[in-house]
Amino acid sequence: FYTYDLFHSFHLGVGKSFVAGCLALASEYMWAGNVDARLEQLSSLWLNWTEENHEYAYIYSITRSLLGWPDTGTYANGQWSKGHVTTKLCCFFEAWASEQNLEEDDLMRLALETSKRISMCLRKMYECDVWLNRNDAEVVANAGLGFLEGYKQLALQCFRLGRALFPHMPKGHAMDHI
């Protein structure tokens with residue numbers, strides 16, 4: 001089980017698209033009238049979260065360009081290059097979404113649960129020694145496979161709803177192999 005390979009596969013493959021899609025979805029909860037203004041509000045929440053959690057922001061504005069989301073008809077794919085940014089944006093999304101009333105929003109609930117799965121996978125992997133014992137490897141594998149299943153469901157639901165949020169990622173298989 002190669003930690004670097006899993007990290008690389010998530011952060012440069014399906015992970016950036018997943019997190020970008022989550023943030024695009026979260027922007028719909030903002031109160032501004034247009035996408036740019038909603039992303040500006042989300043940026044403020046992001047910066048507050050980084051300050052409150054003593055995290056270095058690396059990025060100071062969540063924009064359509066950063067998300068790789070020029071319009072709502074295009075799938076967001078994430079245009080940042082640091083794995084740390086992916087991880088921290090994922091943590092921010094989880095913290096923000098956990099505070100929302102999601103009773104009526106199946107898509108957002110699934111996005112939150114899927115985010116929690118990949119966070120558990122990565123967190124457990126980095127808590128352990130270089131070599132994972134059988135029990136730890138099982139936790140990491142189950143959380144990682146749970147993430148892939150959740151992502152598949154998000155992509156399928158968005159496709160059926162005609163919403164360009166979570167593309168089917170052909171590179172997701174690399175993470176599954178690991």
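Residues are numbered from 1 along each chain as its sequence is written, and side-chain values use heavy atoms, with hydrogens and water left out. Because the model is predicted, local features need pLDDT of at least 70 and side-chain atom pairs count only at pLDDT 80 or more, whereas totals for chains, interfaces and linings use all residues.

The protein chain has seven helices and zero strands; helices (H or I, at least four residues) and strands (E, at least two) are DSSP runs, numbered from the N terminus. Read from the N terminus on, the order of elements is α-α-α-α-α-α-α. Of the 178 residues in the protein chain, 49% count as buried. Here buried means under 20% relative accessible area, exposed means over 50%, and partly exposed lies in between, with a 1.4 Å probe and protein chains only. A contact means heavy atoms within 4.5 Å. Among contacts between residues at least 6 apart in sequence, 66% join residues at least 24 apart.

Helix H1 covers residues 3-27 and contains Val19. Val19 has a relative accessible area of 1% and is therefore buried. Not counting residues up to four places away in sequence, Val19 touches Trp80, Thr86, Leu89 and Cys90. The C-alpha atom of Val19 is also separated by 8.2 Å from that of Ser115, although the two residues are 96 apart along the chain.

Tyr29 is partly exposed, because its relative accessible area is 28%. With neighbours within four places in sequence left aside, Tyr29 is in contact with Trp96, Gln100, Asn101, Leu102, Asp105 and Met108. Tyr29 and Leu42 are 13 residues apart along the chain, and their C-alpha atoms are separated by 9.1 Å.

Helix H2 begins with a cap: a side-chain oxygen of Asn34 lies 3.1 Å from the backbone nitrogen of Asp36, at the N-terminal end of the helix. Such a polar contact is a pair of N or O atoms within 3.5 Å; within protein, one must be able to donate a hydrogen and the other to accept it, and residues adjacent in sequence count only if both atoms are side-chain atoms. The expected span of a helix is 1.5 Å times one less than its number of residues. Several residues of H2 are buried, including Val35, Leu39, Trp46 and Trp49. Thr50, also in H2, counts as buried because its relative accessibility is 5%. Apart from neighbours within four places in sequence, Thr50 is in contact with Glu55 and Ala57.

How do H2 and H4 pack? Two packed helices are described by the angle between their axes and the distance between the axes. Helix H2 (residues 35-52) and helix H4 (residues 83-98) pack at about 100°, with their axes 10 Å apart. Axes are lines fitted to C-alpha atoms, for helices over the stretch in contact, and angles run from 0 to 180 degrees between N-to-C directions. H2 and H4 are therefore roughly perpendicular to each other, a term for angles of 65 to 115 degrees. On the H2 side, Leu42, Leu45, Trp46 and Trp49 meet Lys88, Leu89, Cys91, Phe92, Ala95 and Trp96 of H4. The residues of this contact divide into nine nonpolar, no polar and one charged. Ala, Val, Leu, Ile, Met, Phe, Trp, Tyr, Cys and Pro count as nonpolar, Asp, Glu, Lys and Arg as charged, and the others, Gly among them, as polar.

Most residues other than glycine have a negative phi. Just after H2, however, His54 takes a positive phi of about 55°. His54 lies in the loop between H2 and helix H3 (64-67) and is exposed, with a relative accessible area of 73%. In the loop between H2 and H3 there is also Tyr58, whose phi is positive, near 60°. Tyr58 is partly exposed, with a relative accessible area of 44%.

Further along, Asp105 caps the N-terminal end of H5, with a side-chain oxygen 3.3 Å from the backbone nitrogen of Leu107. The 22 residues of H5 (residues 106-127) should span 32 Å, and the end C-alpha atoms are 31 Å apart, which agrees. Finally, His168 is found in the loop between helix H6 (134-161) and helix H7 (172-177). His168 counts as exposed, at 68% relative accessibility.

Note on methods:
Parallel < 35°, antiparallel > 145°, perpendicular 65-115°, else oblique.
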